[in-house]
Amino acid sequence: MTIAGIDLGTKPLLLAPMEGVSDSAFRKVCRRYGAAMVYSEFVSADALIRSVKGATQKLFIDPEERPAVVQIYGREVEPMVEAAKIAAQVKPNILDLNFGCPVKKVAGKGAGSGMLRNIPLLLEITRAVVEAVDVPVSVKTRLGWDHDHIIIEELAEELQACGIVALTIHGRTRSDMYMGEADWGPIARVKANPKIKIPIVGNGDITSGKKAFEGFEKWGVDAVMLGRGAIGRPWIFQEIRHYLSTGEEGGTPSVEEQFETLLEMVQNNIDKLDERRGILHSRRHLAMTPLFKGIPNFRPLRIKMLRAETLDELLETLEEVKPLLQEIV
Ligand SMILES: Cc1cc2nc3c(=O)[nH]c(=O)nc-3n(C[C@H](O)[C@H](O)[C@H](O)COP(=O)(O)O)c2cc1C
């Protein structure tokens with residue numbers, strides 16, 4: 001399967017853009033475990049234009065991550081074009097436009113999924129960005145604003161006509177936020193539309209090999225994107241690849257390897273961001289990883305681990321956790 005000439009192999013699994021999660025350190029290990037392509041956290045167009053440090057930092061791509069996508073969001077044509085040109089300077093393999101973020105401070109201002117309430121503007125932005133940059137442009141969005149406005153089938157055709165190279169669809173509306181189950185029916189209908197020629201990436205609730213398999217076989221998408229299922233568990237890509245090639249569960253690395261991987265992410269985050277932000281980014285992974293699940297009476301250590309404010313404190317706590325892993329092998 002290719003997108004814009006990028007060979008992603010068969011049944012590709014993509015790492016979703018996730019603010020505060022899909023940083024360079026995480027993306028790198030996800031690629032190592034078999035993610036075919038990785039997406040950055042979304043970057044605010046306005047913040048990029050103002051050269052806000054946090055935004056500019058998000059553009060960093062380690063060569064080992066490639067193929068890598070940078071995602072931007074905004075709500076006006078000119079700033080989005082300007083931000084796209086800035087982002088294009090790091091030569092992302094693809095530049096993605098976010099028309100799906102549901103959070104109030106983004107969608108409430110008309111950006112992210114807020115764009116689903118102004119389709120002419122959404123299309124104008126897409127057309128203008130496609131024209132302005134020489135990197136391929138893709139879009140990630142939801143089914144529509146709410147269940148009375150499931151517009152993705154028409155929108156997909158209109159977006160394709162703007163010249164995008166791929167469309168990612170999260171099977172929820174803005175009003176769903178992250179609740180309920182993702183609805184893959186409309187995603188499958190977009191894919192089955194003979195007028196749609198661009199690759200369709202399906203997204204929502206993929207947490208196992210079986211679900212990924214269904215994404216490809218039942219719903220027919222070209223690629224499957226994983227978000228929350230990969231937090232604290234970058235090796236899920238290896239597990240799903242194992243399932244897709246053998247039809248059986250497996251591919252889980254040893255607990256030692258899982259531990260070392262998390263540690264590598266902590267260290268790498270701190271090197272790339274700074275101590276405070278590096279720890280904040282690592283916390284989500286440490287809080288959600290399945291690795292520590294079976295440790296008896298883990299609660300006090302868990303609290304200590306998630307409250308650590310310096311690298312020394314965190315490493316010290318992780319040293320205490322390490323021997324306990326033997327108890328769950
Ligand atoms: C913590 C978090 C941050 C997210 N940030 C972004 C983002 O920056 N850009 C984006 O397009 N989607 C973002 N999303 C949505 C995910 O990319 C994805 O569409 C959604 O989580 C559904 O996929 P999943 O069920 O596999 O998690 C975020 C989701 C989470 C949980």
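This is a predicted model: local features need pLDDT of at least 70, side-chain atom pairs count only at pLDDT 80 or more; totals for chains, interfaces and linings use all residues.
Reader: What makes the protein chain agree with a compact globule?

Author: The comparison rests on the radius of gyration. A compact globule with 329 residues would have a value near 20 Å, and the protein chain has 20 Å, which agrees. Along its principal axes, the C-alpha trace spans about 55 × 45 × 35 Å. The chain has 14 helices and 10 strands.

Reader: How many of the residues count as buried, and what does that word require?

Author: Buried means a relative accessible area under 20%. Of the 329 residues, 57% count as buried. The protein chain exposes about 14,300 Å², and carbon and sulfur atoms supply 50% of that area.

Reader: Why is alanine 212 called buried?

Author: Its relative accessibility is 0%. The cut-off is under 20%, so alanine 212 counts as buried. The residue sits in helix H9, which covers residues 209-217.

Reader: What is alanine 212 in contact with, leaving aside its neighbours within four places in sequence?

Author: Its contacts are Leu13, Ile206, Val224, Ile240 and Leu244. Contact here means heavy atoms within 4.5 Å. Leucine 13 is 199 residues from alanine 212 along the chain, yet their C-alpha atoms are separated by 8.3 Å. For the chain as a whole, take the contacts between residues at least 6 apart in sequence: 69% of them join residues at least 24 apart.

Reader: Why is lysine 11 called partly exposed?

Author: Its relative accessible area is 30%. Buried would need under 20% and exposed over 50%, so lysine 11 is partly exposed. Lysine 11 lies in the loop between strand S2 (6-7) and strand S3 (13-15).

Reader: What is said of the phi of lysine 11?

Author: Lysine 11 is not a glycine, but its phi is positive, about 40 degrees. Aspartate 205 is not a glycine either, and its phi is positive at about 70 degrees. Aspartate 205 is in the loop between strand S9 (200-203) and H9. Glycine 247, which follows H10, has a positive phi near 75 degrees.

Reader: How do you know that the buried residues of H10 are on the same side?

Author: The buried residues of helix H10 (residues 236-246) are Ile236, Phe237, Glu239, Ile240, Tyr243 and Leu244. They cover an arc of only 160 degrees around the axis, which puts them on the same side of H10. An α-helix has 3.6 residues a turn, so residues three or four places apart point the same way. The cover over the buried residues of H10 includes S3, helix H1 (24-32), H9 and strand S10 (223-226).

Reader: What makes the buried residues of H13 line one face of the helix?

Author: In helix H13 (residues 299-307), the residues Leu301, Met305 and Leu306 are buried. Seen down the axis, the buried residues fall within an arc of 130 degrees, so they line one face of H13. Arg299, Pro300 and Arg307 are exposed on the other side. The buried residues of H13 pack against helix H12 (275-288) and helix H14 (311-321).

Reader: Which two residues does a cis peptide bond join?

Author: Arginine 66 and proline 67 are joined by that bond, with omega about 0 degrees. Proline 67 is in the loop between helix H3 (53-57) and strand S5 (68-73).

Reader: How many positive and negative side chains are there?

Author: There are 42 positive and 45 negative side chains, and the centres of the two sets lie 3 Å apart.

Conventions
Residues are numbered from 1 along each chain as its sequence is written. Side-chain values use heavy atoms; hydrogens and water are left out. Helices (H or I, at least four residues) and strands (E, at least two) are DSSP runs, numbered from the N terminus. Buried means under 20% relative accessible area, exposed over 50%, partly exposed in between (1.4 Å probe, protein chains only). The radius of gyration is taken over C-alpha atoms; the globule rule is 2.2 Å times the number of residues to the power 0.38. Accessible areas come from the Shrake-Rupley method with a 1.4 Å probe; for residues, only the protein chains shown count as cover. Lys and Arg count as positive and Asp and Glu as negative; His and the chain ends are not counted. The place of a charge is taken as NZ of Lys, CZ of Arg, CG of Asp or CD of Glu. The arc is that of the directions from the helix axis to the C-beta atoms.
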